[in-house]
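Work through the exercises below with the sequence and the model at hand. Each task is followed by a stepwise solution.

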Amino acid sequence: MGLCYIKNLYKDDLFCTFLKVCLIGFIVWYITKQKYNIGTNEIVLLEKEIDKLVDEWKPEPLVPVLTEFECKTLDKVVMIDEPNAHTTGGPNSTKVCLASGTNNKPELNFVLYNFLGFLDSPELGKHAVKSLCKYGMGSCSLPGFYSTLDMHMELEKQIAAFIGHLSAILYSQVFTTTLLVIPCFSKCSNIIVADEGVNFAVQKAIYLLCSKVYWYKHNDMADLECILKDVNKQLVGCCGKNTLPHKFIVTEGLFQTTGDIMLLAELVELKHCYKYHIILDESYLFGMLGKHGAGLMDYFNIDPHEVDLLIGALCYAVGASGGFCCADKDLVEHQRLSGLGYCFSASMPGILTIVAADAIQVLEVDPDNYLGTMHENTTLLCTLLKHIPGLQVDGVAESLLIHIHLSLEMLVHMKHLGGMWTKADIDHVLIVLSEEALKDSMLLMHATYVDEHECLLPNSSICICVSSAHMHKEIK
């Protein structure tokens, strides 16, 4: 009876019957087929052979072996001690004591990115401590869930209004701000034209891309224009009108490795002429340049909307932590959904958000007091350094990062004394110069780089950071 039922059920549907018969046949074949035995091809080794292979195996080091120069450099690293009666503040002050010191004599601190003196401001510190009662130390969660607080949104509006842009987004770490904002917009089919002198974070962001990258000579607008022309010529005819890739020019406002300031007016002209977008890293200029301290656009009196993506830092001038990106509202909202540095990082701690907001407010109320003093100190120090024989001071007058090199005459003189000098030899001379300055109670920093990771290896230098908190007599 069951067989008759099956025949009547499928007599009008031969394809379904055939399909089920094949499926049943496959199941029977799979169950009955010989299984692969992973041990059939096993190689049996004798105990002596195993011991020999173990002895011959040489694991690669987890980190590269330090060179002799690197070992000597690490041995000479100085440690800042806890504050005492001889210092005016903590380790972020313009006067610090070293852990290796014997007389607790304060040293003038010229190595810290504390350009406006907000890092050791007692007024900002008191308000920040009070905020702990309301917000705690940190949310320890992603901004997209429940760690975006009212103060975060208020700070974003404050930054956008301060710069003159439409919208802004906060990031909890300054390095990941630059590192992950650029890949958020430039995809594999897009084109990047970048200055070869950009800082390490921008370089790493570009290396993460699958975009086609072109490098132009450092701060050379003529070379940039030639590359933009060549790229546009290559695109003519090879792409349809609706498939043209996005094109970006990536550069810095104040170049960390040289102290040069980017020529923004010429860059904006090239942007409109060749139809590119501008991604500008202003990490070392936000709060420090321009009539109000709003950066390069404020200094050159250029509409902030001419820069499509403006990246800034809150840890150098403002004295807080993290970074931000200013752009049109659509571009900011895109980062909230696709920016890895925003979606997969905890939000900025409340105490640092309060510090950033208070510092920007102080700068808005009295910019001349902070910016004027800082630029006076920078100009004074540059003038004094240029009178020292054998040294060359790089950077423009408005630059806040002063790089000291050995002059060409000094290098020629050194060559006559001891033959060809390598970069390591020049680095050694600059380190000795920093040590001699330390004997005169001046803490200086020899600029170090990961040579093999730099697109354009900077010249050996000593980087000096001047603060508005420094006194004229201290600089002299």
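**Exercise 1: a sheet and its helices**

Solution. Strands are DSSP runs of E of at least two residues and helices are runs of H or I of at least four, numbered from the N terminus; pairing requires at least two DSSP bridges. The model is predicted, with local features needing pLDDT of at least 70, side-chain atom pairs 80 or more, and totals for chains, interfaces and linings using all residues. Residues are numbered from 1 along each chain as its sequence is written, and side-chain values use heavy atoms, without hydrogens and water.

Step 1: D195 is opposite Y216 in β5.

Step 2: the open, mixed sheet has seven strands, ordered β3-β9-β8-β7-β6-β4-β5.

Step 3: helix α10 (residues 221–235) lies across β4, β5 and β6, at about 150° to β5. Angles run from 0 to 180 degrees between N-to-C directions of lines fitted to C-alpha atoms, for helices over the stretch in contact (heavy atoms within 4.5 Å).

**Exercise 2: linings of the largest pocket**

Task: which helix gives the most to the lining of the largest pocket?

Solution. Step 1: α18 does, with five residues.

Step 1: α4 (68–75), α8 (174–185) and α9 are among the elements that supply at least two residues each.
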